[in-house]
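Hi,

Here is the structure I promised to pass on.

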Amino acid sequence: MAWALKLPLADEVIESGLVQDFDASLSGIGQELGAGAYSMSDVLALPIFKQEESSLPPDNENKILPFQYVLCAATSPAVKLHDETLTYLNQGQSYEIRMLDNRKLGELPEINGKLVKSIFRVVFHDRRLQYTEHQQLEGWRWNRPGDRILDIDIPMSVGIIDPRANPTQLNTVEFLWDPAKRTSVFIQVHCISTEFTMRKHGGEKGVPFRVQIDTFKENENGEYTEHLHSASCQIKVFKPKGADRKQKTDREKMEKRTPHEKEKYQPSYETTILTECSPWPEITYVNNSPSPGFNSSHSSFSLGEGNGSPNHQPEPPPPVTDNLLPTTTPQEAQQWLHRNRFSTFTRLFTNFSGADLLKLTRDDVIQICGPADGIRLFNALKGRMVRPRLTIYVCQESLQLREQQQQQQQQQQKHEDGDSNVYHAIYLEELTAVELTEKIAQLFSISPCQISQIYKQGPTGIHVLISDEMIQNFQEEACFILDTMKETNDSYHIILK
């Protein structure tokens with residue numbers, strides 16, 4: 001039998017009056033500091049008293065997205081409440097991703113009865129590795145010839161049309177699909193997280209990856225370039241059955257925690273829902289080198305204006321900040337913002353072209369983006385480059401000049417021939433011998449490992465070993481002639497004269 005306690009009317013009035021008196025007693029708190037009066041009900045509504053409400057996403061994140069992608073793999077239970085989910089995958093195992101049409105009635109009617117294109121990518125989660133993605137993937141290609149990072153398991157997939165995998169893009173696949181029909185794509189990730197750690201021996205934690213899906217609709221020209229939706233999730237890839245063991249280990253660790261500690265962690269869900277994100281920037285890399293290796297069969301090398309033979313090209317440096325042009329389209333401007341680490345502001349500048357961004361004043365940008373990012377964006381828009389700490393000029397000694405020096409001809413003749421050589425600028429930031437070695441190797445299109453030592457010619461022709469301290473005392477815009485001495489093991493000594 002249920003019991004209910006009902007206060008008499010007089011008691012209810014008394015209780016109401018007590019609450020009002022209690023609110024009134026608090027109404028003056030904080031007035032000395034210029035704060036407005038507030039009631040006890042306002043205090044209880046603060047996030048510190050309603051943790052369950054503070055953890056909810058903002059209103060703009062509650063919007064219904066046109067598509068939803070669900071990875072059929074369990075999330076880790078060892079992820080804290082406000083962190084992004086993490087999902088463990090086994091290398092080479094097929095995992096289903098369900099492509100769900102989540103549109104409301106009447107939303108995006110232009111794609112009704114039409115196909116859309118989705119591009120799947122496995123990319124790096126860490127920003128440090130994103131900057132060197134091309135070099136990392138080329139190194140992986142060299143170590144695993146003929147393999148791909150990402151594949152589609154076509155026999156198990158449902159509803160995908162015209163699946164494609166570009167041979168030069170190991171981490172990307174794409175296909176067409178009809179949102180009105182059931183679509184499931186099974187993916188296989190063939191790289192493991194520990195292949196991209198700094199050291200390959202014992203105890204290393206693997207780097208996290210991201211599975212990102214970008215979906216596009218067809219434009220007037222029949223090209224799938226109009227962006228509709230992007231979403232991604234964080235993953236780690238282990239050797240076969242390693243993901244299962246890691247999931248079990250995380251679960252056992254969580255079981256040993258106290259109930260209070262468990263409240264700080266997310267529960268493990270059976271599937272992983274990809275969260276909305278910005279579209280991945282389209283950056284086209286031109287790679288003429290079949291491998292990052294170097295063929296050391298040649299007995300000499302030379303500086304030149306162009307590259308050497310295809311087998312001798314060094315790895316290209318990470319892409320530097322490129323200049324925004326007035327003719328840049330809004331879509332290209334979005335990609336520029338991504339490349340230059342302004343992804344958080346892409347929505348603010350959705351319809352801005354290059355000309356629109358370049359018209360912004362310094363005060364405009366600071367007001368929009370805040371002082372720190374605003375100054376950085378303004379400098380990037382104006383293409384302001386940071387001056388290097390030290391600039392030196394180097395030139396390879398020509399054969400003609402070397403013969404003339406051996407014959408001890410007149411000094412004037414040597415100067416005239418020396419002036420005919422082409423000098424190359426080397427910009428140093430760290431002022432170390434290692435950095436100088438890398439820069440000279442890049443000019444010669446060889447590996448830095450092939451330069452065993454660098455010397456500077458001192459008084460009476462002695463050879464002084466280059467050190468960090470010596471480089472720090474180089475004069476700005478000093479000129480050097482490089483003389484090379486080849487060793488028997490295909491390595492070289494460099495002498496700065």
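Strands here are DSSP runs of E with at least two residues, helices are runs of H or I with at least four, and both are numbered from the N terminus. Two strands count as paired if DSSP finds at least two bridges between them.

A word on the source: this is a predicted model, where local features need pLDDT of at least 70, side-chain atom pairs count only at pLDDT 80 or more, and totals for chains, interfaces and linings use all residues. Residues are numbered from 1 along each chain as its sequence is written, and side-chain values use heavy atoms, with hydrogens and water left out.

β9 (residues 209-218) pairs with β10 (residues 224-238) in the antiparallel sense over 10 bridges, with K217 opposite E226. β9 also pairs antiparallel with β4 (residues 116-124), over eight bridges, and there D214 sits opposite I119. Nine of the 10 residues in β9 are buried (under 20% relative accessible area, 1.4 Å probe, protein chains only).

Elsewhere there's an open, antiparallel sheet of five strands, in the order β5-β8-β3-β1-β11. Its edge strands, β5 (150-152) and β11 (272-273), each pair on one side only. Within that sheet, five bridges join β1 (residues 67-71) to β3 (residues 95-101), and L71 has I97 as its bridge partner.

Finally, helix α8 (residues 330-339) has A333, Q334, Q335, W336, L337 and H338 as its buried residues. Just after α8, R341 takes a positive phi of about 65 degrees.

Cheers

Methods:
Buried means under 20% relative accessible area, exposed over 50%, partly exposed in between (1.4 Å probe, protein chains only).
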